[in-house]
Amino acid sequence: MILAVNNICKAFGEEVVLSNVSFQMNEHDKVALIGRNGAGKTTLLRIILGELSADSGEVTIAKSTTVGYLSQHQELSCERTIYDEVLSAKAHLVEIETKLRETEEAMKHMDGEALEAAYKEYERLNHTFEQENGYALRSEVTGIIKGLGFTEEEFTKNVAHLSGGQKTRVALGKLLLSSPDLIILDEPTNHLDMQSIAWLEGYLSQYKGSVLIVSHDRYFLNRIVGRVVELEHNRSMTYIGNYDEFYEKKAMIREAERRQYLNQQREIKHQEEVIEKLRSFNREKSIKRAESREKMLAKIDRVEQPLSEEQGMRIRLVPCIESGKDVLTVIGLAKAFPGNPLFKDISFLIRKGERVALLGENGTGKTTMLKIIRGLLPMDAGTVKEGAKVYIGYYDQEQQNFDESNTVFEEISDAHPNMSNTEIRNTLASFLFTGDDVFKPIPSLSGGERGRLSLAKLMLSDANFLLLDEPTNHLDITSKEILEEALNGYEGTVLYVSHDRYFVNKTATRILDLTHETIVSYDGNYNDYLEQKDRKEAVLGFQKAEVVPTTEAAPTASKQSWIDQKAEQAKDRKVKNRINKLEQNIADYEARIQAIDDAMALPENCTNSYELNRLSEEKNSLEELLLEAMTEWEELSE
């Protein structure tokens, strides 16, 4: 055990944030901490780190464990370069390296006992340097900095002059280089492009220490974690597996809890009806029987009503006017800023009903292209032509399309004066603005709130072609899932920019990859894109970027490793198929047991001892089969 969180409780005034939260981590564990915005994730991290005291409960970190933490925002203001700032994480090795060079130089002018003593000291320092992989230190620093998206030309940039996102990447580089026993990361992918996120996935997957991650990036979590701790309704629940496995298990548990509660409620209602009927007979024996049943009913261990799924956004995106078949035609598009060419000779066609994701590394011009299409920026060359009856709705990732003097309610009311107050409130409630939230001034809104309000305005527009720039930024996982569902059911056309690969995988029907100043089109979602891109690069002989920084060249995948991978995939499919079969069997057994219970309660069977025995024997057999199936399901699921 490297970390134990036991029964942590925390409240701020009357608001309870955490209630008896517990989980633990062992060495080498990769754990995700997830929950909706405001669920208490950052509060719990601060309690674990000792920055905030809990009202009750305790946090235990194993003796001599080193802990590294990356917060969402960094305030680095040193005068070092990016390279030197990351290198400073191993300052003791740099100091040893300096002493080694000084000792080497000094030994040139020594002899006798002084030389022998200096040589022993040199051997001691060199042994320590080798043990801590000092000779690979500088190549490791270079690999980490490049992996996090910096070019070699940027290595000498002064940290104090970097943007907030760049400072976060530098802080992450220092943290990774320091190699603590336990890494705690709060939204580490927020300021990384897709290539850098893929590099970080590879790095963390092979990291020898333990990792605790708070993230809304579901694709990232799927690739790294083996356990998920969810904070919901102030409490915690731990699930074995990655994000997708957590999602499936949570749905199963919710359904089982719901069935158990409803079954007991039906039984309680039945018993109450029987008691009422017995009392209505108004006879001594029937009243005694009613009282006996009441005592039995009072002793029942009642199942609590399951907490309902928290309300998320309910978005209906319905174009009021149908566009023509060809929605957008782009021919020969080019754009450059002084000293920064973005793209040239870009041509593509978007047809009605497509959901197209525009991907590319940071700085390639994705947002610029959307703004050109929207008419907010001039193009250097080319044509952009909208199809017949196309009405564009634009979502800006910076959400600057508000009247800052308005409240939330007024922002909608001004844009749609024909809507009644009730209609406006109902619309805002769909986007989590309830009660007095609707009267919040626009300047006081958080990034997530501004994003939700912007999406609300988009929903109410007459658009049939949506341009979305990072629509999932600042949204929690539940809100992302609801937005995915809405876009998948949208009858219009969508072109969007997103770094959220899970979101792209769930919604895209085509991908435009903006790379090397041009566009490459791929049919399908993100997984299809990766597969097609790998094949295309293999045919063209492209050299793919290294994913994981190591001191040695990574071995190429051999035929045997491919065969082993396929065998492992086949084994996984077999296990999953068996789990699906067991789940169906469990559902069938439970349904038949319920049917037997109902049959045994029928008046014609209550006095038929033969039929009761037969039904009882069948029920006992089914309960044994149910227990066996659930035991096997649990073992396979783990």
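Predicted model: local features only at pLDDT ≥ 70, side-chain atom pairs only at ≥ 80, totals over all residues.

Analyst: Residues are numbered from 1 along each chain as its sequence is written, and side-chain values use heavy atoms, with hydrogens and water left out.

Helices here are DSSP runs of H or I with at least four residues, and strands are runs of E with at least two, numbered from the N terminus. Helix α3 spans residues 91-107 and helix α4 residues 112-131; their axes lie 10 Å apart at an angle of about 155°. The α3 helix is therefore roughly antiparallel to α4, a description used for angles over 145 degrees, whereas those under 35 count as roughly parallel, 65 to 115 as roughly perpendicular and the rest as oblique. Axes are lines fitted to C-alpha atoms, for helices over the stretch in contact, and angles run from 0 to 180 degrees between N-to-C directions.

The residues of α3 that meet α4 include L93, I96, L100 and M107, and among their counterparts in α4 are L115, Y119, Y122 and F129. Contact means heavy atoms within 4.5 Å. By class, the contact of α3 with α4 comprises ten nonpolar, three polar and four charged residues. Nonpolar covers Ala, Val, Leu, Ile, Met, Phe, Trp, Tyr, Cys and Pro; charged covers Asp, Glu, Lys and Arg; the others, Gly among them, are polar.

Six strands form an open, mixed sheet in the order β5-β6-β7-β3-β8-β9, where two strands pair if DSSP finds at least two bridges between them. Its edge strands, β5 (67-70) and β9 (235-240), each pair on one side only. Helix α9 (residues 243-281) lies across β3, β8 and β9, at about 115° to β9. A salt bridge, defined as a side-chain nitrogen of Lys or Arg within 4 Å of a carboxyl oxygen of Asp or Glu, joins K250 and E232 at 3.4 Å, N to O. Because K250 lies in helix α9 and E232 in strand β8, the pair ties together parts that are 18 residues apart in sequence.
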